[in-house]
Structure formats: structure tokens, C-alpha cells
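Work through the exercises below with the sequence and the model at hand. Each task is followed by a solution in steps.

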Amino acid sequence: MSTAVIISGIFREVENTAATWFFPGDYYLFTQKEHQSPRSVLLEQNIIADTVKFANKFKSMTFVDRLDSDHPTLNMAWKWKIAYNHLKPYIEQNKYQRFVLTRPDFYFVKHLDWDDGFFQDGFLYSTSDIVIDSMGYKFFNDTLLVCDLPIFELLARFYDYYAPIARTKNIHIHLSEYIEMTGIKIKQELLQFTSILPLNPIS
């Protein structure tokens with residue numbers, strides 16, 4: 001089974017995380033052109049030169065403009081849309097049937113070997129189901145996602161749903177409601193393969 005692994009987000013901590021990406025498949029990077037520190041809206045240095053040392057890791061690297069300075073999750077949904085549309089010719093050429101979506105700054109601790117045959121069509125695999133948080137709001141964890149092509153297309157369309165209403169609720173609420181509205185079925189089984197640690201620079 002042919003798999004596309006989509007690394008999407010701000011290009012942070014990759015020198016510490018890339019070696020932990022144990023998913024078999026072709027890797028594609030979708031990242032903002034400038035560095036941006038966690039919890040900051042300031043654009044810093046251009047990162048394109050920093051990615052050269054990782055060129056052999058990725059089948060292609062796509063550098064994306066930041067859409068919104070104070071709404072990083074809108075930029076996240078935008079990258080999903082770009083990733084889907086960018087990959088269309090690769091999907092046709094390489095017959096991708098499975099898609100893995102995660103971020104550059106996540107460090108993975110493998111528990112089991114990745115088994116592409118484990119994943120069934122028609123499901124969105126995550127680390128959790130939609131849950132109700134301590135404040136009584138819906139929450140869906142988008143840390144690591146695995147899906148087939150029809151569900152990847154639905155995730156790409158989330159941006160069009162989300163952009164007009166992005167400031168009305170937390171993204172996890174909007175994403176939960178979108179998943180329910182589109183009838184996406186979730187399987188919360190990814191933590192048996194890996195634990196995930198977000199890395200932040202030491203200040």
C-alpha cells in the first residue's frame with residue numbers, strides 16, 4: 001500500500017524530530033516560509049535555506065505564505081488544503097491510498113512497527129475520539145491523523161468551512177463539529193503505535 005506522509009506546520013525542531021518519523025512512505029513538507037516562535041505572531045528569519053539539509057527526506061517541499069498573523073490554526077487548515085491540491089498529480093502517479101498528517105516539531109517514540117495494512121478505508125485514525133473537555137466543549141486531537149483519500153479530501157475542505165467562522169470558537173470545537181457534520185468515522189487507535197512529544201525550544 002502506497003502512503004504519503006504530510007509534514008505540515010512551522011519548521012521547528014526538525015533537526016531533533018526527523019529521525020523519529022518512522023512512518024513508511026513518501027514524505028512531503030508544507031511549511032511557512034518564515035520561522036515563527038511558539039506563542040508569537042512575529043515573523044522571523046526566512047527558513048528556506050535551513051531546509052536544504054533535509055531535501056533528501058522529502059519528495060517535495062512547499063513553502064506557504066502565512067494567511068493570518070494572529071490565527072495560526074487558520075494557517076494550519078490552509079496548509080491541509082494546499083497539501084491535498086499539491087498532491088493530486090502525485091496521487092495519480094504513485095497511487096497513494098493512505099495519508100499520514102502530522103507536524104514538524106513532534107517527536108515520536110515508536111511502540112509498534114507501522115503496519116499500513118492495519119488501516120481500513122472509511123475511517124479517520126487519531127489518538128483520541130471527539131471528547132468533552134473540562135470546560136464542557138468538544139475537543140478533537142489533530143496531532144497525528146491517518147486516513148484514505150476521500151477523508152483526506154474532506155480534511156482539505158475544512159479550511160473553506162472554517163475560515164468564515166474561525167474566530168467564533170476554538171478550532172478543536174469547529175473541527176469536531178465538521179467531522180460530525182461530514183459523517184467522518186473516527187478510530188482512536190494510533191497511540192498503540194507511538195507516543196508523541198511536542199518539542200519546544202529552550203528559552
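Predicted model: local features only at pLDDT ≥ 70, side-chain atom pairs only at ≥ 80, totals over all residues.

**Exercise 1. Examine the positive phi angles of Glu 13 and Lys 95.**

Step 1. Glu 13 is not a glycine, yet its phi is positive, about 65 degrees. Glu 13 sits in the loop between strand 1 (2–8) and helix 1 (14–17).

Step 2. Lys 95 is not a glycine either, and its positive phi is about 55 degrees. Its place is the loop between helix 2 and strand 4 (96–102).

Step 3. Is each residue buried or exposed? Glu 13 is buried, at 15% relative accessible area. Lys 95 is exposed, at 57%.

**Exercise 2. Check the length of helix 4 and describe its ends.**

Step 1. Helix 4 covers residues 171–182, which makes 12 residues. The expected span is 1.5 Å times one less than the number of residues. That gives 16 Å for helix 4.

Step 2. Compare with the model. The end C-alpha atoms of helix 4 are 16 Å apart, which agrees.

Step 3. Go to the N-terminal end. Asn 170 caps helix 4 there. A side-chain oxygen of Asn 170 lies 2.7 Å from the backbone nitrogen of His 172.

Step 4. Go to the other side. Gly 183 follows helix 4, and its phi is positive, near 75 degrees.

**Exercise 3. Which residues of helix 4 are buried, and what covers them?**

Step 1. The buried residues are Ile 171, His 172, Ile 173, His 174, Leu 175, Ser 176, Tyr 178 and Ile 179.

Step 2. Recall the helix geometry. An α-helix has 3.6 residues a turn, so residues three or four places apart point the same way.

Step 3. Name the cover. The elements over these buried residues include helix 2 (72–94) and helix 3 (149–162). Strand 6 (123–125), strand 8 (138–139) and strand 10 (185–187) are also among them.

Step 4. Look at Glu 177. At 23% relative accessibility, Glu 177 counts as partly exposed. The side chain of Glu 177 meets that of Lys 169 in a salt bridge, 3.0 Å from N to O. Lys 169 is partly exposed, at 40%.

**Exercise 4. Locate Tyr 137 and relate it to Asn 170.**

Step 1. Tyr 137 lies in the loop between strand 7 (131–132) and strand 8. Its relative accessibility is 46%, so it counts as partly exposed.

Step 2. Tyr 137 and Asn 170 are 33 residues apart in sequence. Their C-alpha atoms are 9.1 Å apart in space.

Step 3. Residues up to four places away in sequence are not counted here. Tyr 137 touches Val 131, Ile 132 and Ile 173. Ile 173 is one of the buried residues of helix 4.

**Exercise 5. How many salt bridges does the structure hold, and what does the pair Lys 81 and Asp 160 tie together?**

Step 1. Side chains of opposite charge can pair when their charged atoms come close.

Step 2. A search of the whole structure gives eight salt bridges.

Step 3. Take Lys 81 and Asp 160. Their closest N and O atoms are 2.8 Å apart. Lys 81 lies in helix 2 and Asp 160 in helix 3, so the pair ties together parts that are 79 residues apart in sequence.

Step 4. Lys 81 is partly exposed, at 23% relative accessible area. Asp 160 is partly exposed too, at 43%.

Step 5. Now take Asp 113 and Lys 110. This salt bridge has its closest N and O atoms 2.8 Å apart. Asp 113 is exposed, at 57%, and Lys 110 is partly exposed, at 44%.

**Exercise 6. Describe the nonpolar surface patch that contains Leu 197.**

Step 1. The patch is formed by Tyr 107, Val 109 and Leu 197. Together they have about 230 Å² of accessible area.

Step 2. Leu 197 lies in strand 11 (residues 194–198). Its relative accessibility is 43%, so Leu 197 counts as partly exposed.

Technical notes
Residues numbered from 1 in each chain as written. Heavy atoms only, no water. Helix = DSSP H or I, 4+ residues; strand = E, 2+ residues; numbered from the N terminus. Buried < 20%, exposed > 50% of the residue type's maximum accessible area, 1.4 Å probe, protein only. Contact = heavy atoms within 4.5 Å. Polar contact = N/O pair within 3.5 Å; in protein donor to acceptor, adjacent residues only side chain to side chain. Patch = residues over 30% accessible without salt bridge, like charges linked within 9 Å, V, L, I, M, F, W, Y side chains within 5 Å. Areas by Shrake-Rupley, 256 points an atom, 1.4 Å probe, with all protein chains shown as cover. Salt bridge = Lys/Arg side-chain N within 4 Å of Asp/Glu carboxyl O.
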